Amino acid sequence: MAGGIFSPLGSCSELEKANCHPLVCLLCHEPYQHPCLLDCYHNFCASCLRGRASDGRLRCPLCGHPSVVRGGTGLPPVDRLLQFLVDSSADSEEDVQCANCDRCCTKAELDTMYFCNTCGQPLCTPCREETHRAKMFARHEIVSLSKRTKDIHKKCPLHEEPYIMFSTEKKSMLCINCFRDMQGESRAHCIDIETAYMQGCQRLDQAVMAVKELQTSTCEAIVLLKAMIEEVRNSASEEEAAINSLFGRMQEQLSERKKTLLKAVQSQHEEKEKAFKEQLAHLASLLPTLQVHLVTCSAFLSSANKAEFLDLGYQLMERLQRIVKLPHRLRPAQTSKINSEYRAEFARCLEPLLMLSPRRSVVGSASGIGPGIAGTNMLPGSQCSKTLMVPSCPPAGDKMSTSPMVRKPTMHRYISTKVLLAEGCETPFAEHCRNYENTYRMLQTEIQGLKDQVQELHRDLTKHHSLIKTEIMSEILQKSLQMDVQIAAHYSAVEMMRSVFEEVWEETYQRVANEQEIYEAQLHDLLQLRQENSCLTTITKQIAPYVRSIAKVKERLEPR
């Protein structure tokens, strides 16, 4: 499987189930052969990574982190530490034979074998006691088989002399010749092998402790993330169920309100159409009467002499005046626009489902809204009639815990307040906003300080596992209770200003409503004038032929 295609581990459970033996490659699942170390500190066999580099970069098959590779091999450097562990493991699995008695020991007996670093040969326990107890072997270095010193670590490869010193500056062992060739400043950083070994063990213990702390934090983070993944899954399911339920109820409410609105539109349509047809029938019956009397007048003028005119003319004029004074409905009694306020009705039916506060409608146009009612919501209606939807204030007796849902987030409210104060209007509400922002910033700073203290204590408790002083916790609790009292007092002070601002807002609403009514009345008056002018034009066009006919008759009757 070396060099085969590797599928990255997709979940934590797969990572736990994977083979995590430190000497086994995660790609080929075999003991490491020339292990290479990537920049992300993951190791793989050289054969498993060969051919994966592209443009001088090699992406880790496990985490995807890119590593820079140099040289023509296209491979990262060999991990000497891991190679040492692999070689040591291989040596421990080899069959060991005593160099003196040729006795082969089993793996279970390896702990009882020794190794003479001076002779470079393994020894069993009897041979060590019998042969290497003589005076000629007194200076031989005999250690356990697992701690034998390899040839490469015995002597300096440059001078073929044994190592006697260690340079803490260069982190390398030195023979006597290497030590003599060093400059005086560098010699000050050289110590003997035993001291270097003890110091290295201490530093390694410190590094191991740091890694253990990181391992503990990582395990805690994994547990937390697993719990959060489960919470996210449950929250998504609950949210989906809530969305589907709310959407279904909204559809039901909107469907019922749609039927009601369509019935209202149909009712308005029937009423308006009936009224217009009745008025049209009245005017249609009036028009022939007017035409007959006009023709009668024309014929009377053309055929009656002076005596006949004086005898019947005043009777004709009286009849015409009565016809004119009759209550004729020439103007439409109502507009032709059907307005069901469907946007406002749909919004009202959704308010209980969306937990919106009740709204108050003011009929009129939205063009007259001034800065005094900033933050209101507008639902556009028809072309000539619109509905201004303004949020009503909750009762002043509500408690802080049961107050209505905040409409705007803090940042939006802060920006809106800045805009309001930048307008320069010295109103009671502007002064209130100025004082509120100062107090709110002070309270927010105090709360943030308490948050930082609690986070620091939580970090010490979970990460460092250190003891927490009881008096610190008591002090934080006391400050928290004091802040709760201050916030409640500030909330009560702001709540007491509601009645004052409601009076101002009510006056503003009334002024806007009046302006909107005046504006609509102006449009209505213009429409009436236009309709009167249209009727006048129609009548003029209709009587024009009769006027021309009478003029011609009069022209013929006049003496030349």
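Modeller: Helix 8 (residues 193-303) packs with helix 14 (residues 498-557) at an angle of about 10 degrees, their axes lying 10 Å apart; helices here are DSSP runs of H or I with at least four residues, numbered from the N terminus, while axes are lines fitted to C-alpha atoms over the stretch in contact, and angles run from 0 to 180 degrees between N-to-C directions. Because angles under 35 degrees count as roughly parallel, helix 8 is roughly parallel to helix 14. On the side of helix 8, Leu287, Gln291, Leu294, Val295, Ser298, Leu301 and Ser302 meet Gln542, Ile543, Tyr546, Ile550, Val553 and Leu557 of helix 14, where contact means heavy atoms within 4.5 Å. The residues of this contact divide into nine nonpolar, four polar and no charged; Ala, Val, Leu, Ile, Met, Phe, Trp, Tyr, Cys and Pro count as nonpolar, Asp, Glu, Lys and Arg as charged, and the others, Gly among them, as polar.

This is a predicted model, in which local features need pLDDT of at least 70 and side-chain atom pairs count only at pLDDT 80 or more, although totals for chains, interfaces and linings use all residues. Residues are numbered from 1 along each chain as its sequence is written, and side-chain values use heavy atoms, with hydrogens and water left out.

As for the setting, the chain has 14 helices and 15 strands, strands being E runs of at least two residues. Of its 560 residues, 20% are buried, meaning under 20% relative accessible area with a 1.4 Å probe, protein chains only. Among contacts between residues at least 6 apart in sequence, 55% join residues at least 24 apart.

Technical notes
Buried < 20%, exposed > 50% of the residue type's maximum accessible area, 1.4 Å probe, protein only. Parallel < 35°, antiparallel > 145°, perpendicular 65-115°, else oblique.
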